[in-house]
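This report concerns salt bridges, a chain interface and helix packing. The sequence and the structure are shown below.

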Amino acid sequence: MSKNTIYINGLGSVSIQEQSRNFDLSTMLEIQQGINLAKQPSYKDLMPPASLRRMSKGVKMGMYAAKIALQESDIKTPDAIITGTGLGCLIDSEKFLELLLENDENHLTPTAFIQSTHNTVGGQIALQMGCKGYNFTYVHQNSSFESALLDAFLQIKGSELENALVGGIDEVGSSTYKNLQIAEKINTEEQLFESGVNAAEGATFFFLNKEATEKSYAEILDISIENTMDKNRIETFLSDNNIAIQEVGSLFLGSCELAVDKEYFSSFESLFPTAEKVLYKRYVGHHHTASAFGLLLAAEHAQKQVCNEKYTLLYNQFEGKDHSLILLKKC
Amino acid sequence: MEDLKKELKVKIIEVLNLEDIELSEIGDQDALFGDGLGLDSIDALELIVLMDKDYGIKLSDPKEGREIFQSIETMAAYIAAHRTK
């Protein structure tokens, strides 16, 4: 494999936070509710109104975030579009299934069905951008985004791609999320459950390129997705990249602060006693691709770092599964 | 017939998510496809389902659909003559 380096040259997001190109953790509000909906931007500013009418919220959020991320580069059309999503286009999936029931399995309308597939967002972005290159969508629960990122990372490293647009998208579907509240997996206004999270939705995209620019946010040094995680695995990950534990200056953790997760994050943090720590789900809520927003915060943070020698490490997992590590270096 | 035309316009705006279009902007004789309202093949499928679900009319011949879906006026005339509910 060649020694191409991979840089984050563009970022874009739609989240429950106010739109920003430079998030400041000290002014961001921590979420308090069980279900948090994303703040919707003015889509008509970036997309033709006629193309918006069939798009569900997830498609619109993904398209908007992708366009913002690409706008930060000089590239008009990316080589590839790679997305990750936990539950895909949930709103259209629910609509389609509800219509099936409502109409006694007759009179099935095509729009919601066509748009309900998990790769709708990646497909729509490709149509809008005229990208006929590699287009892939990963659906791997809480490592969906990391899988998409790893794919782009390996293909750019291996010179199969020069650049890629990579993102994570998940939207709140009212029926599904109501059921998850009944199952005590998502908190309600009245009650915080032992295994309940504060859920949210959003889309976050990155434009990755093998060439750095003056605006580059960070270099992605390595990505790892694991079924289990322990001290040895973390140490090996860092030593493979010739980095000592004390060189990691910041940790971005995808913790939902549940009892079941505590052991994993505590033992992880204990390896880095002097590192700065950010629990990004306090700001963006939990969804299967919330780690994409974590990476956005970490990349912006890396860009602002004064000291060049400190690295930023992201660790994400959920209920002891879907562990991932992403290592960033200031450009 | 006028009531049916108005009903059709309301249903088309709702079913096809034509959020930015007012009832008054759709003329009875305006082309629904192409240069008129700009509907496409997915919209045609939605209209076929609408005819079946709301008026009990099953369209199976695509050539027939081309005639019927020319405008609100042609749709209303066909529905008035063939509706079963």
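Is Lys9(B) buried or exposed, and what is its relative accessible area? Lys9(B) is buried, at a relative accessible area of 11%; buried denotes under 20% relative accessible area, exposed over 50%, and partly exposed in between, with a 1.4 Å probe and protein chains only.

**Basis of the model**

This is a predicted model, in which local features need pLDDT of at least 70 and side-chain atom pairs count only at pLDDT 80 or more, while totals for chains, interfaces and linings use all residues. Residues are numbered from 1 along each chain as its sequence is written, chains are lettered from A and ligands numbered from 1 in the order in which they are written, and side-chain values use heavy atoms, with hydrogens and water left out.

**Salt bridges within chain B**

Lys9(B) forms a salt bridge with Asp28(B), their closest N and O atoms being 2.8 Å apart; the term requires a side-chain nitrogen of Lys or Arg within 4 Å of a carboxyl oxygen of Asp or Glu. Asp28(B) lies in the loop between α1 and α2 (41-55) of chain B and Lys9(B) in helix α1, so the pair ties together parts 19 residues apart in sequence. Helices are DSSP runs (H or I, at least four residues) and strands likewise (E, at least two), numbered from the N terminus. Asp28(B) is partly exposed at 21%.

A further salt bridge joins Glu73(B) and Lys5(B) (3.6 Å, N to O). Because Glu73(B) lies in helix α4 (residues 72-82) of chain B and Lys5(B) in helix α1 (residues 2-15) of chain B, this pair ties together parts that are 68 residues apart in sequence. Glu73(B) is partly exposed at 31% relative accessibility, whereas Lys5(B) is buried at 8%.

**Interface between the chains**

Contact, meaning heavy atoms within 4.5 Å, involves 14 residues of chain B and twelve residues of chain A. The chains bury about 1100 Å² between them, 47% of it from carbon and sulfur atoms; buried area is the accessible area (1.4 Å probe) that two parts lose on being put together, summed over both. Ile42(B), Glu46(B) and Lys53(B) supply 38% of the area that chain B buries against chain A, more than any other three residues.

Three salt bridges are counted between chain B and chain A. Asp43(B) and Arg53(A) meet through their side chains in a salt bridge (2.6 Å, N to O).

**A buried serine in chain A**

Ser143(A) is found in the loop between β3 (134-138) and α6 of chain A. Ser143(A) is buried at 5% relative accessible area. Apart from neighbours within four places in sequence, Ser143(A) is in contact with Ile225(A) and Asp322(A).
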